[in-house]
Amino acid sequence: FGEEYPDRFFEMGIAENNMIGVASGLSEYGFKVFLASFASFLTGKYDAIRCSIAYSNIPCILVGTHCGMAIGKDGVTQMGLEDISLMRSLPGMTVINPSTYNQTRSVVKFLCENELTNTYYLRIGRQPVAEFYTKTDSFEIGKGALLRTGSLGVVFSSGCVLEDVLLATEGLDITIIDIYTIKPIDRDMIKKYSVNHVFTVEDHSIIGGLGSAIAEVIAEEGLDVKLHRIGLNDIFPESGKPSDLYDKYGLSSEKIK
């Protein structure tokens with residue numbers, strides 16, 4: 001992008017606070033701005049995002065990369081593990097967590113082609129993932145994608161763990177829903193498909209992330225179901241191979257199953 005559009009690409013170095021300030025200023029003058037860094041370092045500048053972007057309702061897109069344990073040996077300092085919780089708490093912030101390349105492509109296309117009226121947080125993984133969508137699949141804010149239906153319960157997945165969820169539930173009479181927009185969340189889909197046991201799976205802390213968002217809907221709607229949240233359970237993980245970390249902390253397909 002920088003080679004193609006040198007007058008529209010700015011490298012700020014290891015200075016996320018400065019990047020946020022520049023993005024805010026450019027947005028004030030009518031430019032549509034994408035600003036990107038590791039999710040842990042970008043959302044770690046919470047006060048700057050809160051005051052310079054969210055409070056002013058700046059129509060820009062914050063892109064948090066390298067989220068979750070899946071980056072492995074880079075270690076906990078590089079892992080975005082609380083970013084959804086932080087961004088979801090900001091008034092007016094839309095939180096999007098796509099699961100595949102094609103879905104991410106559809107999200108970026110949507111954000112580029114539509115006039116934005118608020119601020120967006122786009123959370124993307126770094127690891128290779130299987131593809132379950134096409135480049136022509138549409139994207140709609142506030143919706144989830146129904147991938148499989150069943151009668152015994154439902155698994156709500158978000159982000160790059162989708163392949164593990166699908167592998168873990170092969171042959172089971174259970175509904176699988178990809179929640180790619182966490183805020184606003186698809187309340188109608190949650191109400192419609194939440195029966196018996198409800199599972200949430202995310203490469204993120206279960207506090208404030210997908211599991212918390214689903215729990216809020218279940219409680220507010222008075223749904224008679226049992227909720228099970230699968231993710232990091234109020235702990236920091238460690239450094240290691242992504243597959244080893246997923247297995248140790250319950251996110252591998254075998255552990256989910």
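1. K109 is partly exposed, at 43% relative accessibility. Its side chain meets that of E113 in a salt bridge, 3.1 Å from N to O. E113 is exposed, with a relative accessible area of 56%. Both residues sit in helix α5 (residues 101-113), 4 residues apart, so about one helical turn separates them. Please read this and what follows as comments on a predicted model.

2. Overall form. The protein has 257 residues and a radius of gyration of 18 Å, which agrees with the value near 18 Å for a compact globule. The C-alpha trace spans about 55 × 40 × 35 Å along its principal axes. Secondary structure comprises 10 helices and 10 strands. Of the 257 residues, 50% count as buried. The accessible surface comes to about 12500 Å², and carbon and sulfur atoms hold 52% of that area.

3. Contacts along the chain. Take the contacts between residues at least 6 apart in sequence: 75% of them join residues at least 24 apart.

4. Salt bridges. How many does the structure hold? There are 8 salt bridges. One of them joins the side chains of D83 and R123, at 2.7 Å from N to O. D83 lies in helix α4 (residues 83-88) and R123 in strand β4 (residues 119-123), so this pair ties together parts that are 40 residues apart in sequence. D83 is buried, with a relative accessible area of 1%. R123 is buried too, at 2%.

5. D247 and K255. These two form a salt bridge, with the closest N and O atoms 3.8 Å apart. The cut-off is 4 Å, so the pair qualifies. D247 is partly exposed, with a relative accessible area of 34%. K255 is also partly exposed, at 46%.

6. A charged network. Which residues are linked in a network of salt bridges? They are R187, K191, E220 and E221.

7. E16 deserves a look. Side chains of opposite charge can pair when their charged atoms come close. E16 is buried yet has no salt bridge. The nearest side chain of opposite charge is that of K45, 4.1 Å away. What does the E16 side chain make a polar contact with? The partner is the side chain of S37, at 2.7 Å. E16 lies in helix α1 (residues 16-28). Leaving aside neighbours within four places in sequence, E16 is in contact with S37, F41, L42 and K45.

8. Backbone: the cis peptide. Most residues other than glycine have a negative phi, and most peptide bonds are trans. Where is the cis peptide bond? A cis bond joins K183 and P184, with omega about -5°. P184 is found in the loop between β8 (181-183) and α7 (187-193).

9. Backbone: positive phi. N57 is not a glycine, yet has a positive phi of about 55°. N57 is found in the loop between α3 (46-54) and β2 (61-65). N57 is partly exposed, with a relative accessible area of 37%. D234, also a residue other than glycine, has a positive phi near 60°. D234 lies in the loop between β10 (226-232) and α9 (242-248). At 59% relative accessibility, D234 is exposed.

How values were computed
Residues are numbered from 1 along each chain as its sequence is written. This is a predicted model: local features need pLDDT of at least 70, side-chain atom pairs count only at pLDDT 80 or more; totals for chains, interfaces and linings use all residues. Side-chain values use heavy atoms; hydrogens and water are left out. Helices (H or I, at least four residues) and strands (E, at least two) are DSSP runs, numbered from the N terminus. Buried means under 20% relative accessible area, exposed over 50%, partly exposed in between (1.4 Å probe, protein chains only). Lys and Arg count as positive and Asp and Glu as negative; His and the chain ends are not counted. A polar contact is a pair of N or O atoms within 3.5 Å; within protein, one must be able to donate a hydrogen and the other to accept it, and residues adjacent in sequence count only if both atoms are side-chain atoms. Contact means heavy atoms within 4.5 Å. The radius of gyration is taken over C-alpha atoms; the globule rule is 2.2 Å times the number of residues to the power 0.38. Accessible areas come from the Shrake-Rupley method with a 1.4 Å probe; for residues, only the protein chains shown count as cover.
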